[in-house]
Amino acid sequence: SRRYIIKSVIGRPKTAGTDPGAVSVSVSVSADGLNTAAGSKCHSSSINLKGTNHTNQVMNINTDGTEIVEAGYAIGLDFSGVLTAAVGTVSITLCPA
């Protein structure tokens, strides 16, 4: 197990959900024993799961230490809103620290 730096987060919606409210996802880093909601979000905005289909949403990565994944930590996805039929991908690029 080793330390990593999150270099990029890219979201790409494939199918928008049918719920009328906003639906988004954020990437967070959390220590062992914590749920993802208790972790630190590693980027400044959120991925809009109702964005334009098949179009990349490139997130601005924080440089305040929240982009560091310590050995034993987890990278998680935090969803907000009602997902219904929302489908998409999140790509995360890591670099050894």
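The largest nonpolar core here has 12 residues: Ile6, Val9, Val23, Val25, Val27, Val29, Cys42, Ile47, Leu49, Met59, Val69 and Ala86. A nonpolar core means a set of buried Ala, Val, Leu, Ile, Met, Phe, Trp, Tyr and Cys residues joined through side-chain atoms within 4.5 Å. E2 gives the most to this core, with three residues, and E1 and E2 each supply at least two.

Bear in mind that this is a predicted model, where local features need pLDDT of at least 70, side-chain atom pairs count only at pLDDT 80 or more, and totals for chains, interfaces and linings use all residues. Residues are numbered from 1 along each chain as its sequence is written, and side-chain values use heavy atoms, with hydrogens and water left out.

**Overall build**

- The chain has zero helices and eight strands, where helices (H or I, at least four residues) and strands (E, at least two) are DSSP runs numbered from the N terminus.
- Read along the sequence, that gives the pattern β-β-β-β-β-β-β-β.
- The C-alpha trace spans about 40 × 25 × 20 Å along its principal axes.
- Of the contacts between residues at least 6 apart in sequence, 77% join residues at least 24 apart, with contact meaning heavy atoms within 4.5 Å.

**Surface and burial**

- Buried residues make up 29% of the 97 in the chain; buried means under 20% relative accessible area, exposed over 50%, and partly exposed in between (1.4 Å probe, protein chains only).
- The accessible surface comes to about 5,400 Å², and 51% of that belongs to carbon and sulfur atoms; areas come from the Shrake-Rupley method with a 1.4 Å probe, and for residues only the protein chains shown count as cover.
- Leu77, Phe79 and Leu83 make a nonpolar surface patch of about 250 Å². Patches take residues with over 30% relative accessible area and no salt bridge, joining like charges within 9 Å and nonpolar side chains (Val, Leu, Ile, Met, Phe, Trp, Tyr) within 5 Å.
- Leu77 sits in strand E7 (residues 74–80) and is partly exposed at 37% relative accessibility.

**The salt bridge**

- A search of the whole structure turns up one salt bridge, defined as a side-chain nitrogen of Lys or Arg within 4 Å of a carboxyl oxygen of Asp or Glu.
- The partners are Arg3 and Glu70, at 3.1 Å, N to O. Arg3 lies in the segment before strand E1 (4–15) and Glu70 in the loop between strand E6 (68–69) and E7, so the pair ties together parts that are 67 residues apart in sequence.
- Both ends are partly exposed: Arg3 at 40% and Glu70 at 30%.

**Residues to click on**

- Ser30, in strand E2 (residues 24–30), is buried with a relative accessible area of 2%. Not counting residues up to four places away in sequence, Ser30 touches Asn35, Thr36, Gly39, Tyr73 and Ala74.
- Ala86, one of the core residues, is in contact with Thr15, Ala16, Gly17 and Leu49, leaving aside neighbours within four places in sequence.
- His54 isn't a glycine, yet has a positive phi of about 60°; look for His54 in the loop between strand E4 (47–48) and strand E5 (57–58).
- Thr84 isn't a glycine either, and has a positive phi of about 40°. Thr84 lies in the loop between E7 and strand E8 (87–96) and is partly exposed at 44%.
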